[in-house]
Amino acid sequence: HEGGHGPAGVDYRRDKLRRWADRIAGMPAGDVYAYFNNDRTGAAVRDAATLMDLLERRGLAVARPSSG
């Protein structure tokens, strides 16, 4: 895990997620799947939500999980 931030030291820094969002936005791919390994503090869920927000801000369509 290359996190190291957040309450338990496992979240990714926002600037690192921004760089990944830029890379993904620049790909000539139709669909991209991102995987975040889970941990005991739920950093994977927070990091995935942050990446989805960053991708949407770059004008990409993001499939979000259903709320119920």
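What is the accessible surface of the chain, and what percentage of it belongs to carbon and sulfur atoms? The accessible surface comes to about 5000 Å², of which carbon and sulfur atoms hold 51%, as given by the Shrake-Rupley method with a 1.4 Å probe. The model is a predicted one, in which local features need pLDDT of at least 70 and side-chain atom pairs count only at pLDDT 80 or more, whereas totals for chains, interfaces and linings use all residues. Residues are numbered from 1 along each chain as its sequence is written, and side-chain values use heavy atoms, with hydrogens and water left out.

The chain holds 2 helices and 0 strands, assigned as DSSP runs (H or I, at least four residues, for helices; E, at least two, for strands) and numbered from the N terminus. Of its 68 residues, 26% are buried, that is, under 20% relative accessible area with a 1.4 Å probe. Among the contacts (heavy atoms within 4.5 Å) with a separation of 6 or more, 50% join residues 24 or more positions apart.

Pockets were identified on a 1 Å grid over the protein atoms alone, as open sets of points with protein on both sides within 12 Å along at least five of seven lines, with lining residues having an atom within 4 Å of a point. The largest pocket has a volume of about 550 Å³, and of the 20 residues that line this pocket, Val32, Tyr33, Ala34, Leu55 and Val62 are the closest to its centre. Helix H1 (14-25) and helix H2 (43-57) are the elements that give two or more residues to this lining, and H2 gives the most, with 5 residues.

The second largest pocket has a volume of about 240 Å³; of its 17 lining residues, the closest to the centre are Tyr12, Trp20, Ala34, Tyr35 and Phe36. H1 and H2 are the elements that give two or more residues to the lining of the second largest pocket, where H2 gives the most, with 4 residues.

Technical notes
Buried < 20%, exposed > 50% of the residue type's maximum accessible area, 1.4 Å probe, protein only. 1 Å grid on protein atoms, 1.4 Å probe; cavity = no way out; pocket = protein on both sides within 12 Å on 5 of 7 lines; lining within 4 Å. Points joined across faces, edges and corners; volume = space filled by probe spheres on them.
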